[in-house]
Amino acid sequence: MSVPDATHGVDFKIREATTADLGAIMLHRRRMYEDMGYKDQSALKAMELTSRSFIKDGLEDGTYRGWLVEISGRIVAGGGLMIVRQPSSPRDPSSRRSWIMNMYTDPEYRGRGLATSIIETIIIWCRENEFHWVSLRASDAGRHLYESLGFKPTNEMRLMLK
Ligand SMILES: CC(C)(COP(=O)(O)OP(=O)(O)OC[C@H]1O[C@@H](n2cnc3c(N)ncnc32)[C@H](O)[C@@H]1OP(=O)(O)O)[C@@H](O)C(=O)NCCC(=O)NCCS
């Protein structure tokens with residue numbers, strides 16, 4: 001999909017990620033956490049080690065889908081969607097849920113609508129694939145963007161055990 005960027009005159013292309021893009025996705029994931037304030041290098045390294053094979057397997061079996069933005073052939077932003085099995089509920093008779101993750105835009109390309117275009121692409125994909133809703137956990141940097149696209153807080157609660 002080729003989308004003309006109306007604000008900065010830059011043509012960018014959004015494409016679906018393949019297993020060959022695992023490195024770019026992992027770089028986005030690592031930088032996303034760093035930009036969110038995670039500084040513990042050993043925790044970041046452990047996260048990379050464990051989530052790399054998870055995302056690789058997901059790209060192969062379709063439970064992880066990624067979208068990447070390219071400008072002049074260079075990957076400058078990306079985002080992904082994880083599809084998980086979950087029992088149905090009265091509001092959603094399907095047995096699967098979709099989670100957006102790994103949203104990241106290179107700092108020099110921020111504020112040009114790239115993440116917005118990725119989320120819009122993911123929403124279209126989720127609608128076409130008949131998901132009842134799509135969820136995410138918002139960082140402070142992303143919250144307003146998600147709200148502007150219609151995402152609302154839910155009633156999820158959490159008890160920390162570690
Ligand atoms: C959050 C993040 C992915 C947003 O990426 P981005 O490509 O800059 O996002 P967009 O350009 O689509 O939107 C960012 C802002 O630019 C504005 N914008 C969108 N299109 C625009 C355009 N064409 N011209 C000018 N501004 C625009 C948006 O309204 C948005 O404003 P807001 O911050 O007040 O909501 C990016 O800041 C990032 O990588 N942050 C670090 C990692 C992170 O927090 N990831 C999210 C985890 S949930």
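A polar contact is a pair of N or O atoms within 3.5 Å; within protein, one must be able to donate a hydrogen and the other to accept it, and residues adjacent in sequence count only if both atoms are side-chain atoms. Keep that in mind, everyone.

This is a predicted model, where local features need pLDDT of at least 70 and side-chain atom pairs count only at pLDDT 80 or more, while totals for chains, interfaces and linings use all residues. Residues are numbered from 1 along each chain as its sequence is written, and side-chain values use heavy atoms, with hydrogens and water left out.

Let's begin with the overall fold. The protein has four helices and six strands, taken as DSSP runs (helices H or I, at least four residues; strands E, at least two) and numbered from the N terminus. Starting at that end, the order is β-β-α-α-β-β-β-α-β-α. Along its principal axes, the C-alpha trace spans about 45 × 40 × 30 Å.

A polar side-chain atom of T116 sits 2.5 Å from a ligand oxygen. From the backbone, an N or O atom of G113 lies 2.7 Å from an oxygen of the ligand, and one of M103 lies 2.9 Å from a ligand nitrogen.
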